[in-house]
There are 2 protein chains.
Amino acid sequence: MSDAYYLRLTDHLRELLSGPEAFEEGRLPAERTLAERFRTTRVTLRQALAQLEGEGLIHRSNRRGWFVSPARLDYDPTRDAGFNDYVRAQGRRPRTEVLHTDTRPHRPAAEALGLPVDCSFHHIRRRRFVDDRAVLAESLWVVPARAPDLLQGDFAANSLWGELRSRWGLTLAHRSLRLYSEALAEREAAELGVAPGTAGLSVRRAIFDAQRRPVEYDEEHWLHDALCITVELENKA
Amino acid sequence: MSDAYYLRLTDHLRELLSGPEAFEEGRLPAERTLAERFRTTRVTLRQALAQLEGEGLIHRSNRRGWFVSPARLDYDPTRDAGFNDYVRAQGRRPRTEVLHTDTRPHRPAAEALGLPVDCSFHHIRRRRFVDDRAVLAESLWVVPARAPDLLQGDFAANSLWGELRSRWGLTLAHRSLRLYSEALAEREAAELGVAPGTAGLSVRRAIFDAQRRPVEYDEEHWLHDALCITVELENKA
DNA sequence: CAGTGGTCTAGACCACCCA
DNA sequence: GGGTGGTCTAGACCACTGT
């Protein structure tokens with residue numbers, strides 16, 4: 001079909017994007033320029049851009065403009081590989097910023113781990129980049145008894161799970177994942193430099209050790225177009 | 001912040017939605033009515049509705065109007081439980097329609113299963129409902145050698161994996177999943193009765209038996225607000 | 001300061017759904 | 001045939017980014 005003009009515009013732009021050297025430096029021309037070139041208004045043009053954004057082909061940053069989205073990152077949340085490792089393994093450049101740390105109670109973490117709601121956690125808030133694009137805002141809550149002086153470590157450079165294993169000898173035996181699409185709230189949107197309401201993917205994990213003791217709970221907020229979740233499984237009923 | 005009017009509108013509507021008996025029969029008033037009530041234009045009102053749609057709180061059907069979205073369905077794609085079983089287990093009513101069957105080559109299936117691109121598969125296309133809302137459009141491609149007369153079965157009522165196990169004694173040992181957010185293409189959008197470009201979640205699986213022989217490949221297209229992926233894992237490095 | 005996207009107005013016509 | 005959402009126009013002002 002594609003009878004609507006904005007859909008034909010979408011098709012047209014999609015072809016341009018897949019072509020060679022479509023837009024220099026991965027940046028699209030200004031909305032007003034594109035609207036004029038295609039003889040329509042900004043409203044209609046923006047409808048077309050929103051489509052492509054939904055498909056994960058382009059994205060916008062703050063009020064800076066529209067950019068061609070890079071390939072999605074493959075990510076297996078069931079593995080313990082560190083962010084730095086698998087980003088580099090895919091030929092990309094990882095970076096991590098720690099935004100905040102503290103030790104306080106946190107109800108969702110307590111509930112997910114089956115602990116009393118008033119018990120405290122070591123909390124780390126950080127932001128992670130792939131090739132200088134902020135793609136992930138996450139919080140981790142670690143049970144202090146499992147890793148007492150955790151917050152003295154360097155959780156930017158090192159894998160948290162690597163630390164838990166090497167410094168406290170923890171085995172991460174059982175894990176429970178929840179994953180769903182979301183609209184990024186103001187906080188995450190601000191941290192990632194996107195408009196509030198931008199489509200995201202939420203990954204939540206509760207992790208227990210071999211003795212079935214609660215170890216850690218985390219919440220990840222990804223830009224929806226930044227990743228492809230992959231899982232490899234053997235044997236399961 | 002929430003300085004923009006459409007964001008305040010979003011907050012306001014979100015409260016109404018969470019309140020008791022907010023909108024009778026789960027249906028929202030007409031856009032023009034809401035726009036007038038909140039003293040704004042349809043364009044701005046629709047921005048607010050789009051936000052709530054992104055959050056998974058409301059959805060639209062065709063040109064019929066806006067509706068309150070039901071709770072997400074919990075779904076574990078790593079398990080072999082049939083759709084009918086887990087939908088009913090959550091107190092919901094499942095339904096399945098078979099849209100199409102044939103036996104033909106299919107390149108993506110062949111590539112995912114490591115087979116020659118020209119080999120044929122038994123293909124089933126179906127649409128699945130939860131409480132009479134179409135939430136999933138899917139295609140399955142089964143290696144004919146594993147299940148020769150598959151297409152004579154009743155793949156609407158029965159679990160496909162149950163069939164593969166009971167009729168052909170197959171053990172589904174190894175599986176490889178890929179999962180990412182997408183914009184529903186025209187075909188899936190039409191099958192699910194939504195606008196093209198509606199946010200969706202794509203789940204692709206390649207499945208092998210205990211002898212590591214390819215068995216099946218499938219592609220699922222879910223409405224983004226209809227499900228929450230859950231995975232429970234023991235032991236893994 | 002110039003240029004960008006973000007937001008908003010006040011209309012219009014069309015395609016489709018349903019009574 | 002009346003009402004719904006889907007699409008579109010031609011402007012406007014604001015907030016922020018980058019120089």
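**Exercise 1. Through which surface do the copies meet, and what share of the interface residues of chain B are also interface residues in chain A?**

Before we start, note that this is a predicted model, where local features need pLDDT of at least 70, side-chain atom pairs count only at pLDDT 80 or more, and totals for chains, interfaces and linings use all residues. Residues are numbered from 1 along each chain as its sequence is written, chains are lettered from A and ligands numbered from 1 in the order in which they are written, and side-chain values use heavy atoms, with hydrogens and water left out.

Solution. 
- Step 1: Find the contacts (heavy atoms within 4.5 Å). Here 40 residues of chain B touch 40 residues of chain A.
- Step 2: Match the two sides. The share is 100%, so the copies meet through the same surface.

**Exercise 2. Describe how chain B is placed relative to chain A.**

Solution. 

**Exercise 3. Work out what holds a place in the interface.**

Solution. 
- Step 1: Take the buried area, meaning the accessible area (1.4 Å probe) that two parts lose on being put together, summed over both. Between chain B and chain A this is about 3500 Å², and carbon and sulfur atoms give 43% of that area.
- Step 2: Count salt bridges (a side-chain nitrogen of Lys or Arg within 4 Å of a carboxyl oxygen of Asp or Glu). There are 4 between chain B and chain A. Asp74(B) and Arg178(A) form a salt bridge through their side chains, at 3.1 Å from N to O.
- Step 3: See which elements take part, using DSSP runs numbered from the N terminus (helices are H or I, at least four residues; strands are E, at least two). On chain B, helix H3 (42-55), strand S7 (172-183) and strand S10 (227-234) each supply at least two residues of the side that touches chain A. The largest share, 12 residues, comes from S7(B).
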